[in-house]
Amino acid sequence: NLFNLSRKNIFFAESRKDKIKKIISLKLDIFIDDLEEVFNEKKFPSIKKILFTKYSIKNSKFSYHNNWTDITKDVLGSITNDDFKYLAENLCNESILKIKKLEKGGNSKIFKIVTKSKKIYALKKYPDLMIDSRNRLQNEMWAFNILKDFNLTPKNITYNKDQNIAIYEWIEGKTINLIKSDHIDKAVSFVNKLWELSRDNKISFHTASESCISIDHLYDQINHRLIKLDNINNENLNLFLKQVFKPLLNNVNEWSDKIILQKNLRKNILRKEMTLNPSDFGFHNTLLSSKNKLYFLDFEYFGFDDPVKLIADFIWHPAMNLNSHHKNKWIKETFKIFEKNSFLRDRFIALWPLYGLRWTLILLNEFRFDGWKKRTYANTNLEKKHALKLEEQIYKANSFCKMINSNKLECPYV
C-alpha cells in the first residue's frame, strides 16, 4: 500500500484513557496527535510529543507543525541530497552521478542532476500540499505542455504525483542582473505569444492562481490578506497597518471607486478578453542563454487572467529592478497587444494603486505563520533570519505606500 503500513500496527482505542494505555504498552519514542488534550493527560508518558495543528503556539512544551514535511524533518532530520538522489534515480530509471541544490526557488526546492548517461535535468520538489493546497506540479506541467512549441520554457520529462516531484529539461543560462531594453522586448514578445495562444478555445480553461477576472476579486484579495495580518500580534506590523496602510487603503478605495463608477468597470471580463498569465512573471524567473535567447521559468500559478493584472504585476513585483524607461516601454508595448480589449486602459488606471496595495500585503507574508513556512521550505537558511527579514519587509511595504502617495495614486508610466 501507499503508506507501507501493516494492519497489525494499526490500533483503535475507544476512549482517551484506552489510547494512553496503548501508547504506554507500545513503548513508543514519539507520538503525534492533533489534540493537545491528549498530551495534557496526567498518565501520558514522558516521550517526544508532536502536535499536528494549523495554529502557532507560544511557550509550547512540545513540537507543533501544520504539515507532514515538517513532522518528517522533526523526527528524521532534514531531507538530504542523497534522499533526493534516490528519488531522482527512481524517476529517471538510471544512476545519478551528481546532484546539487540551487539557491534559486522561492517556494519549491530545485536541484541540478546529472545522470550516468551524462544527461542533465532540473529536479523540482514542490511544497507539501498541506502547506499550500494549490497543485503546483500539475499546473506547471500543464503549462509547459501547452507552451512547448514556443521553445522558450523547459520541457516536461517525468514526475511522481505521490512524491510531489518532477523532472524537467535543464536550461543552461544566466540570471539577468542588468535589465536592458532588449530584455523588455523579449518579455513583450512572450506576452504576445501568450495572448495569441489564449484565443485557442481548445485549451482547457482554468484561471491563474489568485486571478482577478473582476474588480471585486481584487478587492476581496486585499481584504482577505489584510484580515489575516490584522490577527497577528506584532507591534511593528500593527503600527504600520494602522498608521500607514489602512488610511492609504481608504483613500485608494475612494479614488478607484470613483473611476470605476464613472467608466462602468465593475463587471467580470469576458473569456475572450482574458490572457494566459504565468502569474509570477518577471526577469527573476528567466534565464538568458549564451545565444541571447531568453527562457521563461516557474509556471506554478499559470492560468487565464485579466491582462491588467499581468501588466501591473510585472512592474509592482518587488523582485523586479526596472527603471522608468523600462516601465514606460513595458506599458506602451503591452497596451498595443491588448488594444482591442475593451476598457483595458481605464481598468489599468483605476486598479493601479490597488495592485500596489495588494503587493504591499504580499510583502508582509513573512509575518504569517503559513507564509513563513512556505519561504523556509525552499530555503532553510532563512530560518535564522526571521527577525531581520520582518524588518526588511516592513521597510519595503512602507516604500510601496510612499510611492503610491507620491504619485497621487496615479500610475506615472502611462
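This is a predicted model: local features need pLDDT of at least 70, side-chain atom pairs count only at pLDDT 80 or more; totals for chains, interfaces and linings use all residues.

**Backbone, sheet and helix packing**

Guide: Asparagine 264 sits in the loop that links helix H8 (235–263) to strand S9 (275–277). Helices (H or I, at least four residues) and strands (E, at least two) are DSSP runs, numbered from the N terminus.

Visitor: Is asparagine 264 buried or exposed?

Guide: Exposed, because its relative accessible area is 52%. The cut-offs are under 20% for buried, over 50% for exposed and partly exposed in between (1.4 Å probe, protein chains only).

Visitor: What about asparagine 151? Where is that?

Guide: In the loop between helix H5 (136–147) and strand S7 (156–160). Phi of asparagine 151 is positive, near 55°. Asparagine 151 is partly exposed, at 38% relative accessible area.

Visitor: New topic. What is the strand order in the open sheet of three strands?

Guide: S1-S2-S3, with parallel pairing. Strand S1 (30–33) and strand S3 (63–65) are the edges, each pairing on one side only. The average twist from one strand to the next is 20°. Pairing requires at least two DSSP bridges between two strands.

Visitor: How many bridges join S1 to S2?

Guide: Four, and S2 covers residues 48–52. Isoleucine 32 has isoleucine 50 in S2 as its bridge partner.

Visitor: Helices now. At what angle do H7 and H11 pack?

Guide: About 30°, with axes 10 Å apart, for helix H7 (residues 215–230) and helix H11 (residues 344–363). Therefore H7 is roughly parallel to H11. Angles under 35 degrees count as roughly parallel, over 145 as roughly antiparallel, 65 to 115 as roughly perpendicular and the rest as oblique. Axes are lines fitted to C-alpha atoms, for helices over the stretch in contact, and angles run from 0 to 180 degrees between N-to-C directions.

Visitor: Which residues of H7 and H11 make the contact?

Guide: Among them are Leu218, Tyr219 and Arg225 of H7, and Leu354, Tyr355 and Arg358 of H11. Contact means heavy atoms within 4.5 Å.

Terms used:
Residues are numbered from 1 along each chain as its sequence is written. Side-chain values use heavy atoms; hydrogens and water are left out.
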